[in-house]
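Have a look at the sequence and the structure first, then read on.

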Amino acid sequence: MAEEKESTSIPLSQAENGGVDPEDPAKSPPRPSSPNSSTRKSEHLCFILQACCFVLQSWVSKKFMTGCVVLFPVAVTFFITWWFIQFVDGFFSPLYERLGIDIFGLGFITSLLFVFFVGVFVSSWMGAAVFSVGEWVIKRMPFVRHLYSASKQISAAISPDQNTTAFKEVAIIRHPRVGEYAFGFITSSVILQVLF
């Protein structure tokens, strides 16, 4: 038994092209696209997108940090002011609550007036005498006297009643190392006497 082979005839133009009709796009194999053109376009697009994302991210982060730098001192100032008003208001507001008066800030205003009148009282001769007796008692207490003396030195340096130039003039002091300087405030003056 001999097997018969089917023979198919292929036109000569298709035989030269590997049996594919160049005019029929459905029968033609896909042309290999040039690797350089498509990958270059996708790489270029990817690079542009990355650059845009980087610029946008940099711009957003700079603007956010600028906002933080501007708002941080404002927020801290408002927070500390609000805390101070509530703290000072808390001294006299319980007194007003017992009287049935509930106005926010009235205790704060009362506290400011109280501090003002204490200053007026201590400026008089009788207030100065009472203040010196109280100071004498505080200086006899073991731990409290150190706190009191330190806080009194600070308040005396910035007191408006002082006619001295404490903390009003700045000095530059040379260090032992050449080229190094430090800034300081002049708090008092001392006259050195040389004994012969």
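## Overall picture

Of the 196 residues in the protein chain, buried ones make up 8%; buried here means under 20% relative accessible area, exposed means over 50%, and partly exposed is in between, with a 1.4 Å probe and protein chains only. Bear in mind that this is a predicted model, where local features need pLDDT of at least 70, side-chain atom pairs count only at pLDDT 80 or more, and totals for chains, interfaces and linings use all residues. Numbering runs from 1 along each chain as its sequence is written, and side-chain values use heavy atoms, with hydrogens and water left out.

The protein chain exposes about 18,100 Å², and carbon and sulfur atoms supply 68% of that (Shrake-Rupley method, 1.4 Å probe; for residues, only the protein chains shown count as cover).

As for secondary structure, there are five helices and two strands, taken as DSSP runs numbered from the N terminus (helices: H or I, at least four residues; strands: E, at least two). Along the sequence the order reads α-α-α-α-α-β-β.

What share of the contacts with a separation of 6 or more comes from residues 24 or more positions apart? That share is 1% in the protein chain, with a contact meaning heavy atoms within 4.5 Å.

## Salt bridges

How many salt bridges does a search of the whole structure find? It turns up two, each being a side-chain nitrogen of Lys or Arg within 4 Å of a carboxyl oxygen of Asp or Glu.

| Pair | N to O distance |
|---|---|
| Glu 135 and Lys 152 | 2.2 Å |
| Arg 177 and Glu 180 | 3.4 Å |

Start with Glu 135, which pairs with Lys 152 in a salt bridge. This pair links distant parts of the chain: Glu 135 belongs to helix 4 and Lys 152 to helix 5 (residues 144–157), 17 residues apart. Helix 4 itself covers residues 125–138. Is Glu 135 buried or exposed? Glu 135 counts as buried because its relative accessible area is 12%, whereas Lys 152 is partly exposed at 33%. Leaving out residues up to four places away in sequence, Glu 135 touches Tyr 148 as well as Lys 152.

Now for the other pair, where the side chains of Arg 177 and Glu 180 meet. Arg 177 is exposed, with a relative accessible area of 60%, while Glu 180 is partly exposed, at 33%.
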